[in-house]
Amino acid sequence: MPFPLGHSAIGLAAYHTIDTSPRGRSPWKVLGFVVVLANLPDADVIAGLLLHGNGDLYHRGPTHSLLFALLAGYLASHAWRLGKFIPRLRFSLCFLIIFSHVIADMMLTDSPVSLLWPFEVHWSVGNSGWGHVIQSVIFNSLQDVGLLLGSMAYICVLTMVRKWLPEFRVPALARRRIR
Ligand SMILES: [Zn+2]
């Protein structure tokens with residue numbers, strides 16, 4: 001089950017998959033923003049804890065859906081207007097980073113997500129208080145080391161392929177289309 005560390009690593013891999021022009025952006029601001037976006041769907045845990053002391057109450061509902069990723073991705077792509085501390089990322093990037101969380105939860109865990117909400121909804125079952133959630137975030141994140149290493153390896157391979165793939169091998173017509 002991915003925890004914040006795993007979701008952050010997967011979100012970073014998603015970011016590097018489609019962002020080919022990272023120049024001009026502060027890498028630390030981008031890293032911070034990617035970590036926030038990659039974990040945004042789990043804000044439902046915070047909502048459950050704050051309102052009812054149960055992090056499972058609203059978990060895996062609307063925030064774990066395609067619609068949420070689209071809406072939150074759109075808002076996130078305009079969040080740079082709030083201040084210089086937020087990097088300017090285009091909608092497709094923000095959407096993909098948020099949606100990577102939903103896909104990871106769907107593929108790497110047994111519990112369903114509400115992918116097609118509002119047409120379907122699957123709430124998490126259980127009762128997790130503050131102590132359990134904090135303990136899980138701190139200690140269970142260690143389980144995500146494999147996801148972190150896998151994502152880092154993927155980003156390294158991607159970077160090397162892009163660097164070594166000579167541009168002259170790409171036909172002129174295709175190059176024009178790529179641009
Ligand atoms: Zn989640």
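**Close-up views of a predicted helical chain**

**View 1. Ser 151 lies in helix H7, which covers residues 145–164.** The model is predicted: local features need pLDDT of at least 70, side-chain atom pairs count only at pLDDT 80 or more, and totals for chains, interfaces and linings use all residues. Residues are numbered from 1 along each chain as its sequence is written, and side-chain values use heavy atoms, with hydrogens and water left out. Helices (H or I, at least four residues) and strands (E, at least two) are DSSP runs, numbered from the N terminus. Ser 151 has a relative accessible area of 6% and is therefore buried (under 20% relative accessible area; exposed is over 50% and partly exposed in between, with a 1.4 Å probe and protein chains only). Neighbours within four places in sequence aside, Ser 151 is in contact with Ala 9, Ile 10 and Ala 13 (contact: heavy atoms within 4.5 Å).

**View 2. Helix H1 spans residues 4–18.** Its 15 residues reach 22 Å from the first C-alpha to the last, close to the expected 21 Å (1.5 Å times one less than the number of residues). Buried residues of H1 include Ala 9, Ile 10 and Ala 13. Gly 6, His 7 and Tyr 15 are also among the buried residues of this helix. The cover over the buried residues of H1 includes helix H2 (27–39), H5 and H7.

**View 3. A zinc ion is coordinated by Asp 42 (OD), His 64 (NE2), His 101 (NE2) and Asp 105 (OD).** The distances are 2.0 to 2.3 Å. Donors are N, O and S atoms within 2.8 Å of the metal (3.2 Å for Na, K and Ca); water is not among the atoms, so sites may look incomplete. Along the chain the donors follow the spacing D-x21-H-x36-H-x3-D. His 64, in the loop between helix H3 (43–52) and helix H4 (66–77), and Asp 105, in helix H5 (residues 91–108), are 41 residues apart and link distant parts of the chain. His 64 is buried, because its relative accessible area is 0%. Asp 105 counts as buried too, at 1% relative accessibility.

View 4. Of its 179 residues, 37% count as buried. Among contacts with a separation of 6 or more, 72% come from residues 24 or more positions apart. The accessible surface of the chain is about 10,900 Å², and 70% of this belongs to carbon and sulfur atoms (Shrake-Rupley method with a 1.4 Å probe; for residues, only the protein chains shown count as cover).
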